[in-house]
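Here are some questions and answers on one structure.

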Amino acid sequence: MKRKNSIIASLDWFTIILVTAMAFLGWINIYAASFTEDNAGLLDLSQRYGKQLLWIGFAAFIAIIVLIIDSKFYDAFSYPIYGVMLILLLSVLVIGTEVKGAKSWISLGSFRLQPAEFMKFATSLALAKTLSKFNFSFNNLKDFTLSFIIVFTPAAFILLQNDTGSALVYAALILAMFREGLSSYFLIIALLGAAYFIGVLMLGTFAVLAFIFIIPAIAMLFHKEWRLALHWGIATIIGITIYFAGKLIFPLTPSTVAIATITGYSIFLIIQGLLSKLRNQLIWVPFLLLSLGYTLSTNYVFNNVLGEHQSNRIQVLLGLKSDPLGVEYNVIQSKIAIGSGGVTGKGFLNGTQTKFDFVPEQATDFIFCTVGEEWGFLGTSLVIILFVVFFLRLIFLAERQRSPFSRIYGYSVLSIFFFHFAINIGMTIGLVPVIGIPLPFFSYGGSSLWGFTFLLFIFLRLDANRKEVLS
């Protein structure tokens with residue numbers, strides 16, 4: 001027979017109390033950001049703080065329902081939940097309402113629902129189900145492909161809604177995949193990709209093409225491929241010589257020389273690999289070609305694929321453009337608000353930037369600057385400390401799971417929350433481009449709060465079930 005502990009006794013009340021405190025602090029700051037002398041009532045549903053209090057009440061109801069449901073339900077119905085949420089996400093493209101350029105909302109009277117927020121917990125469940133299958137391995141092409149399809153299919157649909165910020169959140173799930181054995185090479189490739197992208201924009205194609213020759217050499221030496229590194233060095237010298245010598249006879253561009261050099265060296269690797277037993281060196285061919293293609297296509301993607309507002313924000317962040325009255329305005333005002341708070345802040349409801357609405361979206365994406373202005377360095381430090389404690393607790397909970405499904409889901413939850421935290425605060429202090437994602441439990445919004453509630457409390461329900469044993 002099964003011996004079950006009481007759900008109430010098995011719940012991690014530390015985490016529940018922690019997120020309740022965070023939601024309460026968030027509501028206080030939403031109140032401050034939305035407060036007017038004419039509308040001071042706490043339950044005034046015409047104001048954001050009144051609505052948020054209602055959303056918090058619904059979130060508590062959602063948490064109770066999630067905890068009542070048997071934990072085995074979430075494992076058994078992971079894929080159906082994922083499918084239903086995916087259909088809901090797709091429906092937005094047909095019946096959705098466009099808000100600020102993004103068609104990502106379904107209007108229900110005066111209330112708007114954002115399915116992308118609920119897709120996060122559904123994707124986490126499906127990913128946990130897939131990665132926890134018997135004999136799953138990232139070395140198996142089928143398993144590898146399926147895991148990435150599960151993660152990036154919702155992201156692709158959200159991109160069609162023109163909501164880049166919400167789409168990028170799903171990339172955070174790769175962190176959970178690393179915990180389950182995904183090679184660190186994918187992280188290295190992602191970092192190199194970001195470096196290439198930024199380098200092309202800041203230094204120009206010529207400077208970045210130099211890295212295309214340097215990075216493979218470093219990678220080859222790191223893998224102790226001394227012979228290949230020597231050959232690659234010779235190919236690089238030949239390419240550079242052709243470029244400078246050729247300029248005296250006919251014009252050559254750095255891109256042309258890079259294409260010729262890498263193509264020629266790739267052909268050399270293929271021929272040598274086929275004629276000998278050194279087949280392992282063929283893996284360098286796609287690495288070289290993809291690096292070249294990625295770098296040469298960066299300018300095209302930046303100028304023709306990204307939206308104008310997105311490219312402008314990236315240029316402003318990198319110092320390539322100044323637009324203080326346009327895309328920079330929010331961040332400038334946010335930094336003024338945070339800086340003006342000093343050590344202890346101006347006091348509750350005394351923030352001038354907050355009171356006079358200098359910062360757009362101050363109750364939503366830029367709620368952190370309200371904390372900075374009214375509560376100062378001490379207040380922002382407290383918020384960051386609360387989140388750090390929250391993340392450490394999630395790691396602790398994930399690691400104590402006996403079920404691979406629960407552990408993987410736990411790390412998926414951690415990854416999504418951490419991404420929101422890091423990017424949102426980075427936006428408000430000008431460290432990352434503004435992409436419009438909320439700060440969990442602090443930002444105004446029913447969809448985001450309910451989505452985070454589903455995401456977290458499903459994990460807490462799984463954790464409460466960990467002590468169940470067969471006797």
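Q: Is Phe-391 buried or exposed?
A: The model is predicted, so local features need pLDDT of at least 70 and side-chain atom pairs count only at pLDDT 80 or more, while totals for chains, interfaces and linings use all residues. Residues are numbered from 1 along each chain as its sequence is written, and side-chain values use heavy atoms, with hydrogens and water left out. Buried means under 20% relative accessible area, exposed over 50% and partly exposed in between, with a 1.4 Å probe and protein chains only. Phe-391 has 7% relative accessibility, so Phe-391 counts as buried.

Q: What kind of pair do the rings of Phe-391 and Phe-418 form?
A: Rings of Phe, Tyr and Trp (its six-membered ring) pair if their centres lie within 6.5 Å; planes under 30 degrees apart count as stacked, over 60 as edge-to-face and the rest as tilted. The centres of Phe-391 and Phe-418 are 5.6 Å apart and their planes stand at 75 degrees, so the pair is edge-to-face.

Q: How many residues apart in sequence are the parts that the pair of Phe-391 and Phe-418 ties together?
A: Helices (H or I, at least four residues) and strands (E, at least two) are DSSP runs, numbered from the N terminus. Phe-391 lies in helix α18 and Phe-418 in helix α19, so the parts tied together are apart in sequence by 27 residues.

Q: What kind of pair do the rings of Phe-387 and Phe-442 form?
A: Both Phe-387 and Phe-442 are buried. Phe-387 lies in helix α18 (residues 367-399) and Phe-442 in the loop between α19 (404-428) and α20 (446-464), so the pair ties together parts 55 residues apart in sequence. The ring centres are 5.9 Å apart and the planes are at 35 degrees, so the pair is tilted.

Q: How many aromatic pairs does the structure hold?
A: Ring pairs link a cluster that includes Phe-387, Phe-391, Phe-418 and Phe-442. For the structure, the number of aromatic pairs is 27.

Q: Which residues does Ser-412 touch, not counting residues up to four places away in sequence?
A: Ser-412 is found in helix α19. At 0% relative accessibility, Ser-412 counts as buried. Contact means heavy atoms within 4.5 Å. With residues up to four places away in sequence not counted, Ser-412 touches Ser-124, Leu-127, Leu-173 and Ala-176.
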